[in-house]
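The sequence and structure are shown first.

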Amino acid sequence: MSTTIWAIDPSHSEVQFKVKHLVITTVTGNFKEFSGTVEAGDDFENAKISFEAKVDSINTNSEQRDGHLKSADFFEVEKYPTLSFSSTKFVKTDDEEFELIGDLTIKDVTKSVKLSVEYGGTATDPWGNVKAGFELTAKINRKDFGLTWNAPTEAGGVLVSEEVKLIANIQLVKQA
């Protein structure tokens, strides 16, 4: 089996997260700067996947909130400028579905996480580039990664939920 190297096409990809705020609404954020590679055979089964995002590129449509997320209360961007992911297992569960397991590192904490992956297909663009599309989803507990800051509310709840939904729409481009 021959192996192909694929790279994330950042202009056709997005990496988002969603967190409940005051338990009543969801705040969506994303990372503007990220990169990654996939080493795989034709069917992507058992692919080796690596990914990195620059934490300083975090964007939640609020400069004040982004500044707080970059601070020591959350990501500590000065000390930990990137978050990363490295796959340990990528298994096809049906024609368009995969299960991705790997090590997610945020700050100085590395934990195994499981993501659901939907394969969107492969196509060739008008310039002859071969592209493959995937949507990845997962839920993590931010406290598992040392992102523990919170504030109580008047009603006895919390400002920010512990559960974080991850959603990534990734377009890969086959490397020559």
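**Architecture**

The model is a predicted one. The protein comprises 1 helix and 11 strands, arranged along the sequence as β-β-β-β-β-β-α-β-β-β-β-β. Of its 176 residues, 38% are buried. The accessible surface amounts to about 10100 Å², and carbon and sulfur atoms contribute 49% of that area. Among contacts with a sequence separation of 6 or more, 55% are between residues 24 or more positions apart.

**Salt bridges**

The count of salt bridges in the protein is 5.

| Pair | N to O distance |
|---|---|
| D9 and K131 | 2.8 Å |
| E76 and K107 | 3.4 Å |
| K114 and E99 | 3.7 Å |

In the pair formed by D9 and K131, distant parts of the chain are linked: D9 belongs to the loop between β1 and β2 (14-21), K131 to strand β10, and 122 residues separate them. Both D9 and K131 are buried.

The side chains of E76 and K107 also meet in a salt bridge. Here E76 lies in the loop between α1 (63-70) and β7, while K107 lies in the loop between β8 (97-106) and β9 (109-124), 31 residues apart. E76 counts as partly exposed because its relative accessibility is 22%. K107 is buried, with a relative accessible area of 14%.

K114 forms a salt bridge with E99, and this pair connects strand β9, which holds K114, to strand β8, which holds E99, over 15 residues of sequence. At 52% relative accessibility, K114 counts as exposed, whereas E99 is partly exposed at 25%. Salt bridges with shared partners also join D9, D125 and K131 into one network.

**Negative surface patch**

Which residues gather in a patch of negative charge on the surface? They are E14, D94, D95, E96, E118 and E135. D94 is part of strand β7, which covers residues 82-94. Its relative accessible area is 43%, so D94 is classed as partly exposed. Membership of such a patch requires over 30% relative accessible area and no salt bridge.

T3 is placed in the segment before β1 (4-8). With a relative accessible area of 49%, T3 is partly exposed; the boundary for the exposed class is over 50%. Not counting residues up to four places away in sequence, T3 touches E39 and A40. The C-alpha atoms of T3 and F44 are 9.4 Å apart, although 41 residues separate them along the chain.

T137 is located in strand β10 (residues 130-141), the strand that also holds K131. At 32% relative accessibility, T137 counts as partly exposed. When residues up to four places away in sequence are left out, T137 touches L115, S116, L166 and I167. K114 is the residue that forms a salt bridge with E99.

Definitions and conventions. Residues numbered from 1 in each chain as written. Predicted model: local features only at pLDDT ≥ 70, side-chain atom pairs only at ≥ 80, totals over all residues. Heavy atoms only, no water. Patch = residues over 30% accessible without salt bridge, like charges linked within 9 Å, V, L, I, M, F, W, Y side chains within 5 Å. Areas by Shrake-Rupley, 256 points an atom, 1.4 Å probe, with all protein chains shown as cover. Salt bridge = Lys/Arg side-chain N within 4 Å of Asp/Glu carboxyl O. Lys, Arg positive; Asp, Glu negative; His and termini not counted. Charge placed at Lys NZ, Arg CZ, Asp CG, Glu CD. Helix = DSSP H or I, 4+ residues; strand = E, 2+ residues; numbered from the N terminus. Buried < 20%, exposed > 50% of the residue type's maximum accessible area, 1.4 Å probe, protein only. Contact = heavy atoms within 4.5 Å.
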